Amino acid sequence: MLKLFEAHRLTPTQRRIAHCLVRRADDAPFLSSVEVAELAGVSQPSVTRFAVALGFDGYPALRRHLREVAPAAGPPGAAALNEYQQAVQAEMENLRHLSELLADPAPVARAGAVLAASRPLPVLGLRAAGAQARGFAYFAAKVHPDVRLLEEGGTMLADRVDAAVRAGASALLCFALPRHPREVVDALGYARGAGLTVVTVADSAFAPVAAHSDLLLPAAVGTGLAFDTACAPMLLGRVLLESMCDALPEAQSRLEEFDAKAAARGLFAD
C-alpha cells in the first residue's frame, strides 16, 4: 500500500486519505468511499479523485486492488486470540515492517549524521509523542554535547527554536504521533523557515508533518487498544541513536566517562 501511494505526487488532501488508509490497513480493503471520507475528514468526491490520481477508474477499482494486495491471514489460531493478544500481534507486525524498511540503512544513516552535526540538537515531541522525545533526549545527552528537549507547546515553542538557531543548531528531530497536534505541524514549518533541517519520526509517510519534514522515517503505531501503542517508533528512535553514535567520534569516550562517574557515585544499584 505504501509503495502504491509513494509512487504518486499527492495533494495535501490526498495525503490525508493515504494516511488514513495506511493507519487502517486491515480495514481499508473493505471500507466504502463514504466511510473513508468520514475517517479522513474529507469529502466523498475527494476520495474518488484520490483513486483516479493513483491511476484507477474510481474508488471501487482501488478497493478491489487493495483486496488483492491485502496481507495474508494471520497465523493459525489468530482468530481465537483475545483483544490484548491481538494488540501484541499487531505490534509484532509493525516491528516486522520496520525491519523491512531498515533493510536499506541509508535514510537512517543520513539522519544520524545530520543530527550528530547539529550543535545544539533540539528534540521536539508533544502530547502522545512526548515520551518518545524524552527517551531519545535522555540517551542522546550521554553522547551529544548539547541536546535540548522541546516538550512544551504554546508561544514559547517558537522562541526555543529561535534560541537553538542562534546557538548554532542546524537540525531538529521531531517525534510525531497521532493525534497530530496542529502546533507541531506549525512548529516544523517554523523550524524549516528558520533554516533547520527537520528529521521526523512519524507513524506514516503520509502524516500531516510530512510536508514540513526534510527526512521522514516512518514507524507504524498500533491502533487495536483504546490508546495507540508505539513500540515501532520507540525502537526507531533507538536505531537513530545508534546511527548518531556512529557519526560522533567522541561517543564511546563520553559513554565510558559517564560509566566511570556513575560507578564512583554509586549511581546504580546493579
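**View 1. Ser204 and its surroundings.** Setting aside neighbours within four places in sequence, Ser204 is in contact with His19, Val22, Leu216 and Pro218, where contact means heavy atoms within 4.5 Å. This is a predicted model, in which local features need pLDDT of at least 70 and side-chain atom pairs count only at pLDDT 80 or more, while totals for chains, interfaces and linings use all residues. Residues are numbered from 1 along each chain as its sequence is written, and side-chain values use heavy atoms, with hydrogens and water left out. You will find Ser204 in the loop between strand S4 (197-202) and strand S5 (215-218); strands (E, at least two residues) and helices (H or I, at least four) are DSSP runs, numbered from the N terminus. Ser204 has a relative accessible area of 2% and is therefore buried; buried means under 20%, exposed over 50%, and partly exposed in between, with a 1.4 Å probe and protein chains only. A polar atom of the Ser204 side chain lies 2.9 Å from the backbone nitrogen of Phe206.

**View 2. Leu31 in the loop between H2 and H3.** Leu31 counts as buried, at 9% relative accessibility. Apart from neighbours within four places in sequence, Leu31 is in contact with Val36, Leu39, Tyr59 and Arg63.

View 3. Of its 28 lining residues, Arg16, His19, Ala40, His180 and Pro208 are the closest to the centre. On a 1 Å grid over the protein atoms alone, a pocket is an open set of points with protein on both sides within 12 Å along at least five of seven lines, and lining residues have an atom within 4 Å of a point. Helices H2 (12-23), H3 (33-40) and H10 (182-193) each supply at least two lining residues, and H2 gives the largest share, 6 residues. By class, the lining holds 13 nonpolar, 6 polar and 9 charged residues.

**View 4. Cys174 and the disulfide count.** The count comes to 0 disulfides, a disulfide being a pair of cysteine sulfur atoms within 2.5 Å. Cys174 cannot pair because its sulfur is 19 Å from the closest cysteine sulfur, in Cys231, too far for a bond. Cys174 is buried at 0% relative accessibility, whereas Cys245 is partly exposed at 23%.

Note on methods
1 Å grid on protein atoms, 1.4 Å probe; cavity = no way out; pocket = protein on both sides within 12 Å on 5 of 7 lines; lining within 4 Å. Nonpolar A, V, L, I, M, F, W, Y, C, P; charged D, E, K, R; others polar. Polar contact = N/O pair within 3.5 Å; in protein donor to acceptor, adjacent residues only side chain to side chain.
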